[in-house]
Amino acid sequence: MSKNIKTFNLKEGAFPIKMDLMFEDIDLQNIGRLKDSIYGNIEISLISKDLFRCEGSINSILIDNCQSCLRDIEVNLNFLFNLAIKDEALMMDDDSSQDQTHYQNLEYFDVKQLIQEEISLNYPNIVKCEDNCLEINPIEKEEKNLPFKKIRDLID
Ligand SMILES: [Zn+2]
């Protein structure tokens, strides 16, 4: 399937729909920047008239900043997902909240929107290189500590 796919009518699909996807950009804030493309693999099945199921996997590598030392670090994003898909028109009166459900206009189904929603949900809340990266690699700390070191030397 072409990587330029935009939207398609899920209501007229022949199921299961299998797709290998690749995206070179992403419209999400508050996550790192893409180091490599986003690779996705999905399979959409028809369960009943208004209910679809999507299983898939997403692989990508992003560059983000460590929340402690602010260095660039790689975030490997590899996860599986399994969710229900329903038309957004059903969202308001849907009380079956046992499953993760993705709502969209099914006649103009935008698979990238689904992928982005999953990435947003699965992106780590805490991005850190190591637990004690500031202690292991103290760049500025050393200089700041110099006056104290001198005093300590005097005391010794
Ligand atoms: Zn760090």
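Ser-45 is found in strand S4; helices (H or I, at least four residues) and strands (E, at least two) are DSSP runs, numbered from the N terminus. The model is predicted: local features need pLDDT of at least 70, side-chain atom pairs count only at pLDDT 80 or more, and totals for chains, interfaces and linings use all residues. Residues are numbered from 1 along each chain as its sequence is written.

Ser-45 has 15 other C-beta atoms within 10 Å and is therefore partly exposed. On this scale a residue with 20 or more such atoms within 10 Å is buried, one with 12 or fewer is exposed, and one in between is partly exposed, with C-beta atoms placed from the backbone. Beyond its neighbours within four places in sequence, Ser-45 is in contact (C-beta atoms, placed from the backbone, within 7 Å) with Phe-15, Pro-16, Phe-52 and Arg-53. Gly-13 lies 32 residues from Ser-45 in sequence, and their C-alpha atoms are 9.6 Å apart.

With neighbours within four places again left aside, Ile-44 is in contact with Phe-15, Pro-16, Ile-17, Phe-52, Cys-54 and Ile-85.

A nonpolar core is a set of buried Ala, Val, Leu, Ile, Met, Phe, Trp, Tyr and Cys residues joined through C-beta atoms within 7 Å. The largest one has 15 residues, and Ile-44, Phe-52, Cys-54, Val-111 and Ile-115 have the most contacts inside it. At least two residues of this core come from each of strand S4 (38-48), strand S5 (51-65) and helix H1 (111-122). H1 supplies the largest share, 4 residues.

The protein chain as a whole has 3 helices and 8 strands, and 15% of its 156 residues count as buried.

How values were computed. Contact = placed C-beta atoms within 7 Å.
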